[in-house]
Amino acid sequence: MRHEDPTSHSSAPSPPLLEIRGLDLDFGTPRGRVHALRNISLNVPAAQVVGIVGESGSGKSTLAYTVMGLLPQNAVVTAGNILFEGRDLLEMPSQTRRNLLGNRLSMIFQDPMTALNPVRTIEGQMIDIQHHEKISRSEKRSLAIQMLHRVGIPDPQSRMGGYPHHFSGGMRQRICIAMALLVKPALLIADEPTTALDATLEVQIIHLLKDLQKEIGCSVLFVSHHLGAVAELCDRVAVMYAGEVVEQGGVRDIFHNPAHPYTRALLECDPGRIRQKTRTLPTIRGEVPNLLGSKEGCIFQPRCPQAFGRCTQDTPIEYRIGVEQAARCHLLNEKGLVSR
Amino acid sequence: MSGLLRVQDLSVRFRTMGSLKALATGTKDPYIDAACGVSFDIRKGETLALVGESGSGKSTIARTVIGLQRATSGSIIFDGQEIGALSGSERKPYLRRMAMMFQDPIASLSPRLTVRSLLGEPFRIHGLRDIDAAAEAARLLRMVGLPEDFACRYPHQLSGGQARRVGIARALALNPDLLIADEPTAGLDVSVQGEVLNLLARLQNELGMAILIITHNLNVVRHMTDRMAIMYLGRFIEVGSTELIFEHPRHPYTQALLAANPDPDPDAVLNRIELKGEVPSLMRRPTGCEFHTRCRYAQDICRRVFPDHSTSSDHTEHSFRCHFPA
Amino acid sequence: MASVETTRPETNVAIGPGLQQFRKNRLGMLGAALVTLITAIAIFAPLMIMHDPVRIMVGPRLADPSLHYLLGTDQLGRDTFSRIIMGSRIPLLVAFVSLGSSLAVGLVLGLIAGFGPRWLDNLLVLFFDTIRSFPGIIFALAMVALLGPSLASVILVIAITSMPIYARVVRTQTEALRSSEYVAAERSMGAGTTRILAVHVLPNVIGPLLILVSMDVPAVIAVEAGLSFLGMGVRPPTPDWGAILNDGFNYIDKAPWLVIAGGIPIVLATLGFTFLGEALREIFDPKLRKDL
């Protein structure tokens, strides 16, 4: 049943659709600067699903919002580039960047109720989203109907005249997906799209996203804290912790052969993985660090069971393991696995 | 082990509209049944889970047991006494012996009180004036593994996991016989989830209270509970020992729920069962077996006849409502 | 309830950070200073006057300001400075008594509406809206016509017309708190309605209410002055800011200081209470707090 994507393992030299290079982002707060994203480098190849996993406060949603340019006023990008189709999103005029949104780039959010306008009909919102297209209103309407039908809204012709509150939570998220994909984006950013949904609906949405991604051939940046959803949907995975990508690689590498101690700890904590009944579940000791001010050494070091002298002093670089996998951990250098 | 709480044939009905509006719109039955003929027992020191998705009525049952909600019919017997029909003041002595933890850890703590006052609330409410509030707060904070200086903090200065621990401390302040935990891990990261569940397990060992866990997450249930009940549209569709249900789920809905949060393994994803459609509205309950609209095994009989409880041949405590159990 | 006492000091600590911010709020500090000053003047007025404010012909008519008559005299030869000082008592008395009583009644009715049974809530809301639906000034004129122009009728009019607003604010807040999870948590521990109202609802309701009241004080002072100006408030010769304005208005060409002297205290009191109200709003509304 699992369709192999032909591009997922080829090492074709074609440039990635989205390339984030050395991105640093600060939030200005009354208490000082919070270094919310530090030295993020991440590629989203064409027609692939890249998952970003992490716990709350890891910066995964901030990263998604940075790519979309939807950051609050107090956010400042202090270094790095975000290349989308070869052009730097951070350098281009804001008008040009805005034109990409809802066109080449679109997004679905955690809460579908807040993402839809409550006082406009679904029909009106779905026609408006196609404002980049030079086609007639009736053509737009029929495209919208087709898309709603495709995402599983029963009887879209008559129901699209309804308002968001006429639909259940699961239906609303389907409508959001229909709207996001209606414009045939090159990149879809999905920020925790299933978090607000019940378990049986989550399965439906994941399957729907996977099928639609195959059909349209777009790339997806899938942000989630749910390891099961990421394992099922994604081709590549980046693991974020406290504002850094600590490990990234192919989905099998990350789940079968995690290299960073945080990735291992995170996977161990998922109760879905524990087969035997136990009354003591694994946890990660300590707490997520405060990102105010500058930090020395590895960000995970205070909680890491394998930390050693060097971890308190040097910030680890990204060590490559195999073709696709890379992790920021000094152990990889010590073990003499592969160095950059 | 003897019975601590016995709930029998409990039903809770809500009005969906006022009587005038019902008359105007011609609605004959302006009610929904959030819980419908639910029966279960909890023995002393035992852990029972009520599992279901939103709208399944699991929280309604918890709120009815603790008295935040009136039962429409049925009985709630706590330690041999019927408490379902008691008034607020008559109920108060029983509320010393049961406590509830609420879904949202921060919102369930009064924002203007310090942790010390919050932890003193149960003592003050039950008129225990001669206790040393500061010493009790320190004892409770130690018990849940928080530093004692947290006593001076306000709820908004706590993280989700810390607020959850304060909630546990407050619920256990009077050493209750029954703890009702409504979604004890909601909104927590996986690493913190484990901490909270471990804490609850340790405290149950030490204090010996019974726990009623309300959750949608079956993985939480597996390691924590002795028995579980799966709810759909306000009814129990499968009840039994946790081990048995995980080993051999009989109802198709239980199977789907079990498969919804599997081992996160990219190669093992094939067993995620996708249920079609959504949970029907409580205002339009399906005929026959209420799960038939989403069931892939549904036959004609499922659409007509509501299945009764059947029990497993080898385990009489394992019961389920399905015409074609797995 | 003894237990209420134990929690109260900590309730105050909760607005501690707000108090610090209040000190940084210059307009708020100015407002507080003005309000304190005006209140002090009203309280100690008899000690500050230079002449009997109601005695006619303490000096010449419409005398210019001088060292002897700091703000001159009016058409009846009364000392304007003394009249202004003594005249501060009526507006403040009216404001405090009328708003105080409508605050108390509004608070109680609002709590009952917000926490009581549904039918009582509906009934009370209907009552509030009925009062509010009368046009204010017409209502005031009708009351004065009925009860005669007196201080008591002014106070009564203001108390009755401002009560529904307070009651509605309290009701809305109470209703939101009633369904909040922490009130449910309290009830699950066995807390009774009185305890929940006193410990958990009241501290949350009183803040927004105080803001409203302090913002209403200037309006009340203006209404009182207006009614007196129209000759429907206090009876002459009682000194009162509105009455002084009224008298001065007739002689604006010959003795403009009468109008100016009567107007300035009204302006200052209005500004003082408004600034104070704005600053209080920042303290009590955590969303407007800049730090934290």
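Across the interface of chain A and chain B, the rule picks out 13 residue pairs in polar contact, both residues being at pLDDT 80 or more. A polar contact here is a pair of N or O atoms within 3.5 Å; within protein, one must be able to donate a hydrogen and the other to accept it, and residues adjacent in sequence count only if both atoms are side-chain atoms. This is a predicted model, in which local features need pLDDT of at least 70 and side-chain atom pairs count only at pLDDT 80 or more, while totals for chains, interfaces and linings use all residues. Residues are numbered from 1 along each chain as its sequence is written, chains are lettered from A in the order in which they are written, and side-chain values use heavy atoms, with hydrogens and water left out.

Salt bridges across the interface of chain A and chain B come to zero, a salt bridge being a side-chain nitrogen of Lys or Arg within 4 Å of a carboxyl oxygen of Asp or Glu. On the side of chain A that touches chain B, α8(A) gives the most, with eight residues. By class, that side of chain A has 18 nonpolar, 15 polar and 13 charged residues. Nonpolar covers Ala, Val, Leu, Ile, Met, Phe, Trp, Tyr, Cys and Pro; charged covers Asp, Glu, Lys and Arg; the others, Gly among them, are polar.

As for the extent of the interface, 46 residues from chain A and 41 residues from chain B take part in the contact, with contact meaning heavy atoms within 4.5 Å. About 3800 Å² is buried between chain A and chain B, and carbon and sulfur atoms give 48% of that. Buried area is the accessible area (1.4 Å probe) that two parts lose on being put together, summed over both. T200(A), K277(A) and R279(A) supply 18% of the area that chain A buries against chain B, more than any other three residues.

Over all chains, the structure holds 31 salt bridges. One pairs R38(A) with E244(A), whose closest N and O atoms are 3.1 Å apart. This pair ties together distant parts of the chain, 206 residues apart: R38(A) sits in strand β2 (residues 32-44) of chain A, and E244(A) in strand β10 (residues 244-250) of chain A. Helices (H or I, at least four residues) and strands (E, at least two) are DSSP runs, numbered from the N terminus.
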